[in-house]
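Open your viewer and keep the selection tool at hand. We will go from strands to rings to pockets.

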Amino acid sequence: MNNFVFYGPTKYVFGKDKESMTGELTRWMGATNVLLVYGGGSAVRSGLLDRVKKSLDAAGVGYMEHGGVQPNPTDDKVYEGIAICRDNRLDGLVAVGGGSAIDTAKAIAAGTVYGGDFWDFYAGRSVVEDALPVGVVLTIPAAGSEGSGNSVITRIDGLHKISLRTESALRPRFAVMNPELTFTLPPFQTACGIADMMAHIMERYFTNTQEVEITDRVSEGVLKAIIAEAPVVMSEPDNYDARANIMWSGTLAHNGVCGTGRQEDWVSHFMEHEISAVYNVAHGAGLAVVFPAWMTFMSQHHPEKVAQYARRVFDVAEADDTKAAVEAVKRLKAFFAGIGLPVTFGQLGIANPDIPLLVKKLHENKGDVIGSYYRLTAADTEEIYRLAL
Ligand code: NZQ
Ligand code: ZN
């Protein structure tokens, strides 16, 4: 096991009606006048936004609104938000929604107190040292941004979708997690969230670091719980306990616990980010297409850890590593298809993907050779994209 630092300072407040605590939690994180960041309208329609505002009012916290953040959020909403925060001297942010609203809030939080262009952080030209505090009211278990230090924003100019990673600067101070808020999710969004949280665990699981039995077992346990609960939330969207189990899985998948002491991979995410940047598909759906293709490639080139995953997560009884890995791909695809997810580009609605463009952008953004479980050149990533056709 490798040395590591794990610092996860987010206060998770989990359970029914907990959004009524948003005001006092905002005060607790030291903010008195916040930017309320939300998406395209689901939080307005459900009445959640009104309940959050009521809670802020009751705690004497002032707020301004910044709604209309779209999935695969773009830099324009970040620049607008920074201007509002600066002009009105706001001292914190509360995001109501999923990864898109939260990541936009994080980018605004860092950009507001920075002298330069916030994109410097995403382009790797500057490091986030300070940010306004961010709190979250989570409405979709998926991206795990409620517990991560990351923020993923797409720069409209050139369609560069970049993941900014920070150790702690951008971790939310609090995350309100009420599973009932997820009852209104469309089935497709529920399924996309499930694929995304599984991918977050698998990106950490497929590693060459040895003697990581504890994180392997934690990862396998969370994956097995997700696989067991997924059909329940799909068929009974109002099942509180199943929704609660999926919601907490989404956080454990991405708050860092599953990655401690090991090298992580993340190539499937990098490859997916190019797809959702260019074709604006749901991130989780893109992962359901790319990850099995990456695993298929690995079954030929480096099957060992995929074989362990096959045996421990999908109970595959196969002694040969390559055959076990191939079987894992089959079972994972069947699982994704069973909850209504696409597993090919065609099913994702992209009949003729521009693979040379995806490969070019991928290696421009991430380097000539990418990945740690297996080092991939442009010829390799092209092959993986083709395996997803
Ligand atoms: O915009 P609204 O109207 O709110 O609708 C949203 C949106 O259409 C809807 N929704 C959310 N909660 C709902 C609901 N509809 C009904 N009832 C509810 N309770 O769901 C749609 C998707 O929302 P979004 O926030 O985009 O989903 P998600 O949480 O999957 O976030 C995706 C973004 O996060 C990034 C992805 O790349 C993508 O841009 N990621 C962020 C990460 C991070 N910060 O750590 C890590 C991930 O790997 C990921 O890359
Ligand atoms: Zn993801």
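Select strands β1 (residues 11–14) and β8: they run parallel, joined by four bridges. Strands here are DSSP E runs of at least two residues, helices are H or I runs of at least four, and both are numbered from the N terminus. Two strands pair if DSSP finds at least two bridges between them. Before going further, note that this is a predicted model, where local features need pLDDT of at least 70, side-chain atom pairs count only at pLDDT 80 or more, and totals for chains, interfaces and linings use all residues. Residues are numbered from 1 along each chain as its sequence is written, and side-chain values use heavy atoms, without hydrogens and water.

Which residue of β8 stands opposite valine 13? Pick valine 176. Valine 176 is also the bridge partner of valine 137.

Stay on β8 (residues 174–177). In a regular strand, side chains alternate between the two faces of the sheet. Phe174 and Val176 point to one side, Ala175 and Met177 to the other, and all are buried. Buried means under 20% relative accessible area, exposed over 50%, and partly exposed in between (1.4 Å probe, protein chains only).

Next, the rings. The whole structure holds 19 aromatic pairs. Rings of Phe, Tyr and Trp (its six-membered ring) pair if their centres lie within 6.5 Å; planes under 30 degrees apart are stacked, over 60 edge-to-face, the rest tilted. Select phenylalanine 14 and tryptophan 248: centres 6.1 Å apart and planes at 80 degrees, so the pair is edge-to-face. Phenylalanine 14 is in β1 and tryptophan 248 in helix α9 (residues 240–254), so the pair ties together parts 234 residues apart in sequence. Phenylalanine 14 is partly exposed at 32%, and tryptophan 248 is partly exposed at 31%.

For a cluster linked by ring pairs, select Tyr205, Phe206, Phe291, Trp294, Tyr309, Phe314 and Tyr373.

Last stop: the largest pocket. A pocket is an open set of points on a 1 Å grid over the protein atoms alone, where a 1.4 Å probe fits, with protein on both sides within 12 Å along at least five of seven lines; lining residues have an atom within 4 Å of a point. Select Gly98, Gly99, Ser100, Ile140 and Gln189, which lie nearest its centre among 50 lining residues. Where does the largest pocket lie? Domain 1 (11–181) and domain 2 (187–387) both give residues to its lining, so it lies between them. The domain bounds come from an automatic or database assignment.

Key:
Chains are lettered from A and ligands numbered from 1 in the order in which they are written.
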